[in-house]
Amino acid sequence: MADADDVRHLALALPHVVEIDSDGFDFRVADKGFVWSYPERRPGTSRLIRTDIAVLYVGDEAEKQALLLGEPKVFFTTPAYDGLPLVMLRLAQVNVDRLKELVTDAWRMRAPDSLVGDLDDGTDSLSPDLSRADQ
């Protein structure tokens, strides 16, 4: 089971990532967000930052629908995100290896080609021992 600390560790291990000051987590590459805490909005109440749910950039509507339909217990969306290439991820429903894949894919889709080469050239500092076999 993954959590906000795992998101932070994985995101910051990617090249050229900046963490934006927030009540949860918010990571950008080249001034473009790729993973952040879900700002849940409920009528009549102030927004609640959910660090147990990550918003991920997925690139396009086809990828979004594939994730939503293929794994509805893991991914969801809300009307506020209609038409946007974003999904919400229930962190407790994935292990760290899967989270690494999702965060890295989101980073790749937002990073300029000139920065993607830094990851592909082996400057990726994500360590292989990050996965936790007990979860």
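Predicted model: local features only at pLDDT ≥ 70, side-chain atom pairs only at ≥ 80, totals over all residues.

Biologist: How many aromatic pairs does the structure hold?

Modeller: Three. One of them is F25 with F27: the ring centres are 6.3 Å apart and the planes sit at 25 degrees, so that pair is stacked.

Biologist: Are F25 and F27 buried or exposed?

Modeller: Buried in both cases. F25 has 1% relative accessibility, and F27 comes out at 0%.

Biologist: What about Y38 and F76, stacked or edge-to-face?

Modeller: Edge-to-face, with 85 degrees between the planes and 5.8 Å centre to centre. Y38 belongs to strand β3 (residues 32-40) and F76 to strand β5 (residues 75-76), so the pair ties together parts that are 38 residues apart in sequence.

Biologist: And how accessible are Y38 and F76?

Modeller: Y38 is at 7% relative accessibility and counts as buried. F76 has a relative accessible area of 17%, and because the cut-off for buried is under 20%, F76 is buried too.

Biologist: Which residues does the ring cluster link?

Modeller: Y38, F76 and Y81, through ring pairs.

Biologist: Switching to β3 then. Why call it largely enclosed?

Modeller: Because eight of its nine residues are buried, the rest of the structure largely encloses β3.

Biologist: Which strands are joined to β3 by bridges?

Modeller: Strand β2 (residues 26-29) is joined to β3 by four bridges, running antiparallel. Strand β4 (residues 48-57) is also antiparallel to β3, with six bridges. To give you some partners, R28 is bridged to G33 in β3, and S37 stands opposite A54 in β4.

Biologist: What's going on in the hairpin of β2 and β3?

Modeller: There are two residues between the strands, and A30 takes a positive phi near 55 degrees.

Biologist: OK, helix α3. How far does it reach from its first C-alpha to its last?

Modeller: 21 Å, for 15 residues (96-110), which is close to the 21 Å expected at 1.5 Å a residue. At its start, a side-chain oxygen of N95 comes within 3.1 Å of the backbone nitrogen of D97.

Biologist: Which residues in α3 are buried?

Modeller: V96, L99, L102, V103, T104, A106 and W107. As background, an α-helix has 3.6 residues a turn, so residues three or four places apart point the same way.

Biologist: Last one: where does R110 lie?

Modeller: Over the face of Y57, at 4.2 Å from the ring centre.

Terms used:
Residues numbered from 1 in each chain as written. Heavy atoms only, no water. Phe/Tyr/Trp six-rings, centres within 6.5 Å; stacked < 30°, edge-to-face > 60°. Buried < 20%, exposed > 50% of the residue type's maximum accessible area, 1.4 Å probe, protein only. Lys NZ or Arg CZ within 6 Å of the ring centre and 35° of its normal. Expected span 1.5 Å × (residues − 1). Polar contact = N/O pair within 3.5 Å; in protein donor to acceptor, adjacent residues only side chain to side chain. Pairing = 2+ DSSP bridges.
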